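Reader: I would like to work through this structure by asking about selected residues and their charged pairs. May I begin once the sequence and structure are shown?

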Amino acid sequence: MFLQVLTATLTAVTFFPLLGVLVLLFVPNEREDTIRWIAIGTALITFVISLVMLGQYNAADPNMQLEVLLPWMNFGGGSTIGFHLGIDGISILLVLLTTFLIPLAMFGSWTGITERVKEYYIFFLLLEVGMIGVFLALDLFLFYVFWEFTLVPMYFLVGIWGGKQRMYAAIKFFLYTMAGSILMLLAIMWLGIHQGTFDVVELIAKGGIDPSTQRWLFLAFAAAFAIKVPMFPLHSWLPDAHVQAPTAGSVILAGVMLKLGTYGFVRFNLSMFPEASLHFAPLMATLAVIGIIYGAIVSYPQQDVKKLVAYSSVSHLGFVMLGLFALNEQGIQGAILQMVNHGISTGALFLLVGMVYERRHTRDMNEYGGLWTVMPVYGTLMLIVSLSSMGLPGLNGFVGEFTILLGAFGSEALGSNIYAIFAAAGVILAAIYMLTMFQKMFLGPVTNEKNKNLEDLNWRELVVIIPLLVLIFWIGLYPAPFFNLMGASVDQLTASLDAVTAVALR
């Protein structure tokens, strides 16, 4: 039994990075290139295992697949905790996104991280374990363990390899997330005691929680997830963490860690508390729209290009939350796809910003100008990624935002088109701040002598960026395979939400 669990695909994809950590512990610190290759090789093998997982996954089956279930703890009163992993259409794309981005972020750190290299890559591999575990855990206790575990490596990645105010940003990130997690822990304990199990599948099947209790449980889980997203007005930790984090830390923070919050909403709040989700849908959609507009407006005056990208995440994740709380098929599918899109586009933006920062050691837009003349390849790639981030048709961002707005327009749960109308304004605002950034940095004459001899992207940097560009065009031009992966599971979820909505609207 234990051997079967150990060799299962989901166990392998979750814990294989630990094997790389174990190997790295025995490599001498001075062999830095060896350390880098071992870490990147471990991450690449983990990605291959995730592709094996994708090959074993049946998109037509809406239920949990490739499950791993091992009894773990039993308490008095019948409460049980199990080592339960599983995957469905809601989580599979996020696992693939994680295993895809980690090796790219590591490879992008090759020249940027020159101190304490071994510890840096060990923390990155540990972070990968935690994030994949969050997406696969189907026991609330196990989920909470992985959820809290992700804090530790990210805290050290920001606190050791970050900028001048790295400790302030790291502590703020840690305390914000911990504060929300305490409320979620209390809700988890209540569910385990009163429902007799911490197993998510069993809890969803049981149901039976009265609507008033659901609302309190919804709010407790939402506190943790809203901080992680982050939703307005709980977002203030994000710009500090992004600006101070090393480039690869920002890539993973934006690309994957923010999705832990949005994933939590769809996996737990919508699934376990459907009546409460319907009750709070207008409030959550209102906060999402405020986040979309606020994030875009605050992005515009930023002179630090990394801070601009950080605030843009508040806006983009607002679209995801609006799609989720449309509580219909189009909205939720668009939200899940937009989680992936944001990880790809914003991850690419942070990588590109890091590449020019390594050359000039400044992120102030006023220090640049005319870069397209000096670095034409870099300028072309930045233009494509910027257009993707603002949602240009033909690129990935458009597909997700369009589907979300379609869901919000037709949402019975929201009961009004006003949310979609205001959210659509966010698309225009995104174009304003992204094009302003591009114009300041890349167009016109080269005004700063320090920029005239900058080297264009090298082969290593192209290897990091090109896979992201492939996905930007693939999703933008042919998103059907991605919708197919999630379709059956989203249909099953929205069927239960539709039933609750129908009863409420009688």
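Reader: Is Asp-88 buried or exposed?

Author: This is a predicted model, in which local features need pLDDT of at least 70, side-chain atom pairs count only at pLDDT 80 or more, and totals for chains, interfaces and linings use all residues. Residues are numbered from 1 along each chain as its sequence is written, and side-chain values use heavy atoms, with hydrogens and water left out. Buried means under 20% relative accessible area, exposed over 50%, and partly exposed in between, with a 1.4 Å probe and protein chains only. Because the relative accessibility of Asp-88 is 4%, the residue counts as buried.

Reader: Which residue forms a salt bridge with Asp-88?

Author: Side chains of opposite charge can pair when their charged atoms come close. A salt bridge is a side-chain nitrogen of Lys or Arg within 4 Å of a carboxyl oxygen of Asp or Glu. For Asp-88, the closest N and O atoms are 2.6 Å apart, and the partner is Arg-267.

Reader: How many residues apart are Arg-267 and Asp-88?

Author: Helices (H or I, at least four residues) and strands (E, at least two) are DSSP runs, numbered from the N terminus. Arg-267 lies in helix H12 (residues 247-272), while Asp-88 lies in the loop between strand E2 (80-87) and helix H4 (92-108). The pair thus links distant parts of the chain, with a separation of 179 residues.

Reader: Is Glu-461 buried or exposed?

Author: Glu-461 forms a salt bridge with Arg-359, the closest N and O atoms being 2.8 Å apart. The pair joins helix H15, which holds Arg-359, to helix H20 (residues 459-477), which holds Glu-461. Arg-359 counts as partly exposed because its relative accessibility is 22%. With a relative accessibility of 3%, Glu-461 counts as buried.

Reader: Which residue meets Arg-363 in a salt bridge?

Author: Arg-363 counts as buried because its relative accessibility is 17%. Its side chain takes part in a salt bridge of 3.3 Å, N to O, and the partner is Asp-304.

Reader: In which helix is Gln-195 found?

Author: Gln-195 is buried, with a relative accessible area of 13%. Contact means heavy atoms within 4.5 Å; not counting residues up to four places away in sequence, Gln-195 touches Trp-190, Leu-203, Lys-206, Gly-207 and Ile-209. The residue belongs to the helix spanning residues 166-195, namely H8.
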